[in-house]
Amino acid sequence: MFSYISYAQDAVLPTDSSTGEVIYTEVVEVENSKETLFKNAQKWIAKSYGDYKSVIQLEDKDRGRLIFKGISDIDRGLFKHIRYVVTIDVKDNAYRCKIANIEYGYDFSAHGTGMKYVPVEKIKPEKVYIKIYQDEIENYNKQIAVARSEKQKVELQKKVDDVSRQMREFKSKSKENTRAVIDRINDLMKSLKSEMAQIG
């Protein structure tokens with residue numbers, strides 16, 4: 001019933017070697033019956049995500065399986081949250097939690113395109129940011145090219161310099177975004193573990 005894929009503790013997203021998908025899987029032994037673990041998992045979903053019915057996709061008590069879609073805030077710059085699919089399988093004295101289909105949610109509202117989602121394995125988060133910085137710099141450079149006064153050119157060049165500085169700073173801290181995802185997933189795993197240990 002259970003397989004195990006370990007997940008990294010440093011700022012590297014864990015990738016399944018056979019599929020290339022970012023997947024977090026944790027198998028935990030706990031002294032509780034299958035029925036109690038199933039109920040505890042339901043309680044944890046309701047506590048963690050507010051409206052149980054709105055997130056649940058599959059509820060199979062006989063198989064001991066729950067599947068739901070979740071969203072968690074990370075709020076790092078443009079990255080406002082992550083969304084993902086959680087599968088919880090239970091049996092007597094053990095459960096497995098798998099978090100997959102993880103996507104970054106980033107806000108392009110300032111550019112008129114709103115919230116976008118990108119699978120974490122499809123695009124490096126830093127590339128999203130760098131493209132935005134580069135587009136902004138290109139936009140300012142176009143304005144400089146048609147500016148009528150020297151004062152306008154100087155002001156626009158200051159903006160170019162400022163965005164360039166921000167881009168350099170971001171590059172030096174790019175792992176923080178990945179770390180935020182890892183920390184949030186680890187928090188979810190810990191809170192689930194605490195709930196599953198509760199005696200029915």
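Is Lys98 buried, exposed or partly exposed? At 30% relative accessibility, Lys98 counts as partly exposed, where buried means under 20% relative accessible area, exposed over 50%, and partly exposed in between (1.4 Å probe, protein chains only).

The model is predicted, so local features need pLDDT of at least 70 and side-chain atom pairs count only at pLDDT 80 or more, while totals for chains, interfaces and linings use all residues. Residues are numbered from 1 along each chain as its sequence is written, and side-chain values use heavy atoms, with hydrogens and water left out.

The pLDDT is the predictor's confidence in each residue, from 0 to 100. Its average over the chain is 85, and 84% of the residues score at least 70. Over residues 1–9 the pLDDT is below 50, yet this stretch has 30 contacts in the model beyond near neighbours in sequence; contact means heavy atoms within 4.5 Å. Among the elements of the chain, the highest mean pLDDT, 97, belongs to strand S2 (residues 56–60), and the lowest, 80, to strand S6 (residues 115–119).

The chain contains six strands and five helices. Helices (H or I, at least four residues) and strands (E, at least two) are DSSP runs, numbered from the N terminus. Along the sequence they follow the pattern β-α-α-β-β-β-β-β-α-α-α. Of the contacts in the chain with a separation of 6 or more, 56% are between residues 24 or more positions apart.

Of the 200 residues in the chain, 42% are buried. The chain exposes about 11500 Å², and carbon and sulfur atoms supply 46% of this area; accessible areas come from the Shrake-Rupley method with a 1.4 Å probe, and for residues only the protein chains shown count as cover.

Lys98 lies in strand S5. Not counting residues up to four places away in sequence, Lys98 touches Ile23, Tyr24, Thr25, Val85, Val86 and Thr87.

Strand S5 also holds Asn101, which has a positive phi of about 50° although it is not a glycine. Asn101 is partly exposed, with a relative accessible area of 43%. A positive phi, of about 70°, is also found at Asn93, again not a glycine. Asn93 lies in the loop between strand S4 (79–91) and strand S5 (94–107), and at 43% relative accessibility it counts as partly exposed.

Val28 belongs to strand S1 (residues 24–29). Because its relative accessibility is 11%, Val28 counts as buried. With residues up to four places away in sequence left out, Val28 touches Asn93, Ala94, Tyr95 and Lys193. The C-alpha atoms of Val28 and Arg96 are separated by 6.4 Å, although these residues are 68 apart along the chain.

Arg65 is in strand S3 (residues 65–76). A polar contact of 2.6 Å joins its side chain to that of Asp89. Such a contact is a pair of N or O atoms within 3.5 Å; within protein, one must be able to donate a hydrogen and the other to accept it, and residues adjacent in sequence count only if both atoms are side-chain atoms. Beyond four places in sequence, the residues that Arg65 touches include Phe38, Leu58, Glu59, Ile88 and Arg96.

Turning to the helices, H1 covers residues 34–49. Its 16 residues should span 22 Å at 1.5 Å a residue, and its end C-alpha atoms are 22 Å apart, which agrees; the expected span is 1.5 Å times one less than the number of residues. The buried residues of H1 include Leu37, Phe38, Trp44 and Ile45. After H1 comes Gly50, with a positive phi near 80°.

Met167 sits in helix H4 (residues 150–172) and is buried, with a relative accessible area of 13%. Leaving aside neighbours within four places in sequence, Met167 is in contact with Ile130, Tyr133, Gln134 and Ile137.
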